[in-house]
Amino acid sequence: MIDIRGLRKSFGALEVLKGIDLSIHQGEVICIIGPSGSGKSTLIRTINGLTPINAGEIYVEGQLISSAGFDKLALRRKVGMVFQQYNLFPHRTVLDNVMMAPLLVLKEPKAEVRERARALLAKVRLADKEDYYPGELSGGQQQRVAIARSLCMRPDMMLFDEVTAALDPETVKEVLLTIKELAAEGMTCVLVTHEMGFAREIADRVVFTDGGRIVEAGPPEQVFGNPQDPRTREFLSKVL
């Protein structure tokens, strides 16, 4: 589904990604962990073209998407993304927020989009909130609306960038449950997360990054239970 080769990214003089190689297969759940500033969020943002790269190649479903002329709109139909901030339109209802992109971007029929949006709100356990406004919801509920909104574009894969980082601890579980259900249905998922217990439970592979490089990658039982690299062991000793 995703093939990253020799990926490099700099912001001015600061090189944030220093030659990343990573392949992600259909139906896989990949959790990217690491200290702040290790390049995790930059890496995930390159996959749907939000952050342009300096060198290397990124292929999504066999298509080179890191070239200058690639159709980013076509890419974002395939690759859904949910951010730490919900970015919902405060003056639109929950249902309107979920329906907006398929209506405005894909020009799909309104009745069809409404039916799909309502099904997705039921899926994230918010069927009774469709006429509410974002400000009337908890942070966890808003984040689940953001997930439903992304799914309404019918993507082939989903990216999650620290989606629980801004949430109250009591609302984290409901968001993680929604992601867990998506993964169980076979959705290809890439998550940047600080939730180590969740990563251990849900991931097919855990990728540990530090200093703009992949230090270690493998099944969660290996990375968490028997890390091979001293830097991985040091990081995990502080967060577990």
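Gln141 is buried, with a relative accessible area of 17% (buried means under 20% relative accessible area with a 1.4 Å probe, protein chains only). This is a predicted model, in which local features need pLDDT of at least 70, side-chain atom pairs count only at pLDDT 80 or more, and totals for chains, interfaces and linings use all residues. Residues are numbered from 1 along each chain as its sequence is written, and side-chain values use heavy atoms, with hydrogens and water left out.

Gln141 belongs to helix α5, residues 139–151 (helices are DSSP runs of H or I with at least four residues, strands are E runs of at least two, and both are numbered from the N terminus). Its side chain reaches the backbone nitrogen of Ser138 at 2.9 Å. Beyond neighbours within four places in sequence, Gln141 is in contact with Leu126, Lys129 and Glu174 (contact means heavy atoms within 4.5 Å).

Turning to Ala203, this residue sits in the loop between α7 (196–202) and β9 (205–210). Ala203 is also buried, at a relative accessible area of 9%. Not counting residues up to four places away in sequence, Ala203 touches Val29, Cys31, Phe198 and Pro220.

One aromatic pair is present in the structure. The ring centres of Phe208 and Phe235 are 5.1 Å apart and the planes are at 35°, so the pair is tilted (centres within 6.5 Å make a pair; planes under 30 degrees apart count as stacked, over 60 as edge-to-face and the rest as tilted). Because Phe208 lies in strand β9 and Phe235 in helix α9 (residues 230–239), the pair ties together parts that are 27 residues apart in sequence. Both Phe208 and Phe235 are buried.

Terms used:
Buried means under 20% relative accessible area, exposed over 50%, partly exposed in between (1.4 Å probe, protein chains only). A polar contact is a pair of N or O atoms within 3.5 Å; within protein, one must be able to donate a hydrogen and the other to accept it, and residues adjacent in sequence count only if both atoms are side-chain atoms. Rings of Phe, Tyr and Trp (its six-membered ring) pair if their centres lie within 6.5 Å; planes under 30 degrees apart count as stacked, over 60 as edge-to-face and the rest as tilted.
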